[in-house]
Structures are given as C-alpha cells and as structure tokens.
Amino acid sequence: MSFHPHTVIEPFRIKTVEPIRRATRDEREAALKAAGYNLFLLKAEDVLIDLLTDSGTGAMSSAQWGGMMQGDESYAGAKSFYRFEAAVREITGFRHVIPTHQGRAAERILFGSMLKPGDIVPNNTHFDTTRANVEYRGATALDIPVAEGRQPALIHPFKGNIDLPALERAITDNPGRVPLAMITVTNNSGGGQPVSMANIRAASDICHKHGVPFFIDACRFAENAWFIKMREPGYAGKSPLEIAQEMFRCADGCTMSAKKDGLANIGGFLALNDDDLAQRCRNMLILTEGFPTYGGLAGYDLEAIAVGLKEALDEDYLRYRIRSVEYLGEKLTAAGIPIVQPPGGHAIYLDAKAMLPHIPQSEYPAWALSLALYLEGGVRSVEIGSVMFGRQPDGSEQPAAMELVRLAFPRRVYTQSHVDYLAEVLLYVNSIKDRVRGVRMVEAPATLRHFSARMAPAHGAVIV
Ligand SMILES: *Cc1c(COP(=O)(O)O)cnc(C)c1O
C-alpha cells in the first residue's frame, strides 16, 4: 500500500512575504465613502484580502525573477523577444507573435485592423474591454453563450460553451459583416466557466465553412485546458500543454493578457497566422505600443512571461489553483449561499440576484453586496452586473442578464487559511443579508463606467 494524501497543498513555499493590514470597520466605512462607494477607487492598503481581480496580481516564481535578470533591453531584436516568441509559439503554434503591454492592446490592434462600423463580432461572452474595443470601432459585440451558461445554479461541465446554431445564424444572417468570431476561454464574464474542446472545434468548423477567421481570447487557456483534462472524455491522459496546443490549432489567432495565465504582472500578446493581417497589426503596434520585438514591454517583462506561460501549464499548479477555488465554492454551497455552479477556474461568482432578492436591479444588488463584503470583512471583490454592463451603446439603460459578484483569486498569492477567512466573511454577510441595501449611481462616464463611477447608498447606508 502506498500513501495517497487527500490534501491538495500549495505546490510552492514562500520566499518573500508582503504584510497585509487589517483596518477597523470604522476605517473601512470612511474609506468607502471617500472612494465614492466604488471599490476600484479604494487604496489597496485599506484592503485585507484583495480579490478584485486575478489580473497581474499573481506571485512570480524564483525562476521568473531569475529570468528577469537576464532581460535583454535592446530596442530591436532582443534575445528576450526570441525567448518570448518561442514560448508563445510552442504553446499556440501561431506564426506571428506580437507582444503588447496588456490584453486590451492586442484587442485594440486586432479590431482596429479588422473591423469597420456596422460589423458584428460573435463571442461566447465578451470581456468588458473586449466589448468596449469592438464597440469603439462602431461594431456590435454579440454575446451568444449556450443557454446553460445563463443559469447560475445549473451544474454543467462546460457552461462557457458558445451557442453553435446562434454562431452560424450570426454569420449567415449578416453576410460580409462578420469579419471574425471569437471564443473566450475560460468565459470570464460568464462565470469563469470552461469551454470544451468539442465546442471550440465545432465553432472553428462553422467559422471556416463560411470563411470567417476564428480567434481565441486566450487569457485563461491553461485553466481551460485543465478543465478539459478533468471533464472531457478522451483528455484525461493528455498534458495541459498538449490540450492547449490542440485548442490553438483550431484557431487562426488569439489575443492574450499575460497578466492571467502568463503568470506575469504585466504584458500580453496578439498571435496569428495571416501574413497580411500581421503586417497591418505590426504597423499599428509601432504607432502606439512600440517596436514589434518589444511592443510596450521591457525585455525583462518578456522573460517573465516566457517562463510564466510554461509554469501556468504545470499540473501540480493547476490542480492546486482549481482546487482552492472549488474549496471556497464547497463551503459557500454548504451554507446555502447562491453561487454560479460549478465553481469556475479563477473565481467564485456570487449570485446577488438570488441572494438579495429584496434589492431591485435598478439598485444594483451585486454592487451593494460587494460593498457589504468590504465593509464587514475587508474583502475586495468586483461587481459583474448592471453597473458593468447595464449601459447600452445608444446610451439607454438595460439590466444585465445576471447580477454577479466575482471573487477572483490572484495566482499563488493566498493560502488555505485566507480562503477559510473568506468563507467566514461570506457566511457572516449572508447571515445579515436582509439588512444590505441598494445603491444609486451619482455620476459615471459613458464607457467602462464601473472603473470610475461614483455611487451612494440608496437608503441611507450600505447595511442598515
Ligand atoms: C483580462 C482580460 C482581457 C483584457 O486583458 P488586460 O490585460 O486586462 O488588458 C481580455 N479578455 C479577458 C477574458 C480577460 O480576462
């Protein structure tokens, strides 16, 4: 008999620590008020556990820091670029690899080179910056997740899948107006839910049958590969790298934020096969990002990403990462707290509509819940609901399909006791949920308003 431990441990030990500060509830109340009741406008030092985003917030490994010391800062043709290019090529197989400072720069350059007003881009669900960049070109960002993806409580292995008949209809109903289609893995705005290989392949086949290029929003490609390995028949024996390679083989290109599964604090890339399109993208890159062998990044950033992309595909890392999110999900589910089921790859999504039925969507229940979590526990999360998505391109207001609060896990940053604390905060707020009140919007810009909107309690206080 051999020993098969049950406990999934953090597959690293800690070499550098960063203290976190526990503010008092009064201090947090004052901080909230000063921030216009917008968690984006808080000072990070006033936050105890920061789950605002998993973007760029991960801990780098000693191998990444070591790689950074070898950064080649040559303006053109740096060794660091070629190491970065080789890492991206090994995983994606794409011919042209164009570094950018973040994912959204890759989006802007791709859409700037491919879209014209009146065009339509189908996607399982556009991430907020992706949607904003499509709309900025005067095009329509069409979200077509499968029906299962819109039902938070429903358990389904691949709720991130794109609705294939809807994809084909979008293409055939709008001849000449769909210059590309995208699929986001995992589906961040749809609950961090994975997309199956079968769905990626079928979407790719539909696009290619109609001559439409198919792109992957690849930010969480490694987490998606892990879910395919765990859940899709035929993939249990394949490595995450092999699965990722198979995903990318279905596509003509990808946009990527290296702040997610690049395990880096900054960076991104656009990778694709079409020579002409790559040339147009590089021309735009030079205009705003930089020369094509650095694209707005330092040589040392390219080194960190080259190492990080491979570490993100490590099985022990992926097992630990997905398990820590699932662990919190189990505790919340056991307490009857409604979350998007099953837990996604990088985050738990609380279903605020189900948890706070007394708050109408016009008073932003998910926003209100995120304020309550900060006030009571010093936990920073993010609303993914009607503040983020309620404003339509024509300026009208329409409630979002779901009112979610996302608790995004930074990579390799928090330990199991942090997660136990989180569960305690959530259980406490759940016990006083009837006292949580809605909010109103005081002022907001026209696009991406959740980043800078100023809000206020609609009924005197966040918690009465
Ligand atoms: C983060 C993210 C982006 C944008 O990347 P940035 O690096 O933040 O600009 C695009 N799509 C998805 C799915 C993301 O999660």
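**View 1. Ile-286 in helix α10 of the predicted model.** Helix α10 covers residues 275–288, and Ile-286 is one of its residues. Ile-286 has a relative accessible area of 46%, so it is partly exposed. Together with Tyr-75 and Phe-291, Ile-286 forms a nonpolar patch on the surface. The accessible area of these three residues together is about 310 Å².

**View 2. Packing of helices α4 and α5.** Helix α4 spans residues 103–114 and helix α5 spans residues 128–136. Their axes lie 9 Å apart, at an angle of about 25 degrees. Angles under 35 degrees count as roughly parallel, so α4 is roughly parallel to α5. The crossing of α4 and α5 is right-handed.

**View 3. Salt bridges of Arg-25.** Within helix α1 (residues 25–34), Arg-25 and Glu-29 are four residues apart, which means a separation of about one helical turn. Their side chains meet in a salt bridge at 3.7 Å, N to O. Arg-25 is partly exposed at 32% relative accessibility, and Glu-29 is partly exposed at 39%. Arg-25 also meets the side chain of Glu-376 in a salt bridge, at 2.7 Å, N to O. This pair links distant parts of the chain, since Glu-376 sits in helix α14 (residues 365–377), 351 residues from Arg-25 in helix α1.

View 4. Glu-326 has 35% relative accessibility and counts as partly exposed; Arg-323, at 26%, is partly exposed.

Definitions and conventions. Residues are numbered from 1 along each chain as its sequence is written. This is a predicted model: local features need pLDDT of at least 70, side-chain atom pairs count only at pLDDT 80 or more; totals for chains, interfaces and linings use all residues. Side-chain values use heavy atoms; hydrogens and water are left out. Patches are made of residues with over 30% relative accessible area and no salt bridge: like charges are joined within 9 Å, nonpolar side chains (Val, Leu, Ile, Met, Phe, Trp, Tyr) within 5 Å. Accessible areas come from the Shrake-Rupley method with a 1.4 Å probe; for residues, only the protein chains shown count as cover. A salt bridge is a side-chain nitrogen of Lys or Arg within 4 Å of a carboxyl oxygen of Asp or Glu. Helices (H or I, at least four residues) and strands (E, at least two) are DSSP runs, numbered from the N terminus. Buried means under 20% relative accessible area, exposed over 50%, partly exposed in between (1.4 Å probe, protein chains only). Axes are lines fitted to C-alpha atoms, for helices over the stretch in contact, and angles run from 0 to 180 degrees between N-to-C directions. Angles under 35 degrees count as roughly parallel, over 145 as roughly antiparallel, 65 to 115 as roughly perpendicular and the rest as oblique. A crossing is left-handed if the near helix is turned anticlockwise from the far one by less than a right angle, and right-handed if clockwise.
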